[in-house]
Amino acid sequence: MQMKEYIEEAEKALLHTYNRYQVVLEKGEGVYLYDTEGKKYLDFVSGIAVFALGYGNREYNDALKEQIDKIIHTSNYYYNVPAIEAAKKLKEASGMDRVFFTNSGAEAVEGVIKAARKYAYLKDGKTDHEIIAMNHSFHGRTMGALSVTGNPHYREAFEPMIGNIRFADLNDFDSVLANVNEKTCAVILETVQGEGGLYPAEEDFLRKIRKLCDERDILMILDEIQCGMGRTGYLYAWQKFGIKPDMMTTAKALACGVPAGAFLMTEKVGQNSLKAGDHGTTYGGNPLACAAICKVFDIYEKEHILEHAREAGAYLEEALDALAEEFDVIETRRGAGLMQGLVCKEPVAGIIAKAMEKGLILINAGSNIIRFVPALIISKEHIDEMTGILRECLSER
Ligand SMILES: *Cc1c(COP(=O)(O)O)cnc(C)c1O
């Protein structure tokens, strides 16, 4: 079938929840993607911060094939070896104590909301606890995750949300403080905001929240679904500051493409929140997903992915700063490591479409920001290739 026909078929069958780019992707190799007509694209999206190891990593693919031949799914009523190993690796790498595996980011967020409410409930038996979330945040599309997502436009048609959520501003501690009361059970934020505009949380802000939470026994929850798994050059972005949350979420690059997420907590929260019967999942933590997670951690270590991401991130930052200097339409660059945005003075859809024509895949964050979340194995040469194409697109607009 021709690409155009595939797209026509898709538009007849799939629910129209996305305005998709007019391309059918078929295979990938390293940081390049190919459509069904063989056109090659340099990929700076990696499935939205998912495919950290690049496409077609032999060792990763072989590990999955091997697991498929053993067993794909069991159920959480039984133990399985890949889940035991994946939990151990996650614990060690994050310094957290307890892991619950999910199938997606949003489900991990649902989990921390439930755990936070249960933690507070066990303290005072009340059911009116509040959670403070951030404006411009993004935590997912399910009802709980949407309720803490700070974008009224995403929420409006689906009201009422789950109750008792208050919104503060990222990096404005006074706005957090103004929302705290005796009902507050948790503060949730992304360590680096992704969809909301590539805003990193500042160290001072995180420290103040940590202190506030310690003083009042409020749970500090960091959503590391996009900024985690090495994207900022640290396995989890909060590790840069040595500020440990009480709970955190991870997904996207966790299993590098096999749907998997997790929420993690300290022993204190683990002992005083969700108990047998309180939470569950059919698929979460299944052997296939966990074999993928295990192999991702192995490869990160063996191939020094974090060190590489740190270096490549610094190079990307410089390259984007140079573009911002050169082109008036760019207001500023913002982000951390290999999670960057070029904030423009106008909508960027046209620039992204032009890049696509020229064989470069980019994505937006909001209407005015071009987002860069490539595979963590991206090289300086790839970054040069990307800026070369983007420079052409910006000159021709
Ligand atoms: C993508 C994302 C989510 C939602 O993850 P899904 O797997 O799409 O449910 C939640 N939080 C953040 C910060 C994300 O970037």
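**Reading the model**

Modeller: Let us begin with the fold as a whole. Among contacts in the protein chain between residues at least 6 apart in sequence, 71% join residues at least 24 apart; contact means heavy atoms within 4.5 Å. The model is predicted, local features need pLDDT of at least 70, side-chain atom pairs count only at pLDDT 80 or more, and totals for chains, interfaces and linings use all residues. Residues are numbered from 1 along each chain as its sequence is written, and side-chain values use heavy atoms, with hydrogens and water left out.

Colleague: How many helices and strands does the protein chain have?

Modeller: Helices (H or I, at least four residues) and strands (E, at least two) are DSSP runs, numbered from the N terminus. In the protein chain there are 14 helices and 15 strands.

Colleague: What radius of gyration does the protein chain have, and what would a compact globule have?

Modeller: The radius is taken over C-alpha atoms, and the globule rule is 2.2 Å times the number of residues to the power 0.38. For 397 residues the rule gives a value near 21 Å, and the protein chain agrees because its radius of gyration is 21 Å. Along the principal axes, the C-alpha atoms fill a box of roughly 60 × 50 × 45 Å.

Colleague: Is L90 buried or exposed?

Modeller: Buried means under 20% relative accessible area, exposed over 50%, and partly exposed in between (1.4 Å probe, protein chains only). L90 has a relative accessible area of 0%, so L90 is buried. Of the 397 residues of the protein chain, 53% count as buried. L90 belongs to helix α4 (residues 81-94). Beyond its neighbours within four places in sequence, L90 has contacts that include F101, Y236, L264 and F297. L90 and I293 lie 203 residues apart in sequence, yet their C-alpha atoms are 8.8 Å apart in space.

Colleague: Which residues surround the ligand?

Modeller: A residue is near a molecule if one of its heavy atoms lies within 4 Å of it. The ligand is surrounded by S104, G105, A106, F138, H139, G140, E190, D223, I225, Q226 and K252. By class, this shell has three nonpolar, five polar and three charged residues. Ala, Val, Leu, Ile, Met, Phe, Trp, Tyr, Cys and Pro count as nonpolar, Asp, Glu, Lys and Arg as charged, and the others, Gly among them, as polar.

Colleague: Where is Q226 placed, and which side chain does it join in a polar contact?

Modeller: Q226 sits in the loop between β8 (219-223) and β9 (247-250). Q226 counts as buried because its relative accessibility is 6%. The side chains of Q226 and E195 form a polar contact of 3.4 Å.

Key. A polar contact is a pair of N or O atoms within 3.5 Å; within protein, one must be able to donate a hydrogen and the other to accept it, and residues adjacent in sequence count only if both atoms are side-chain atoms.
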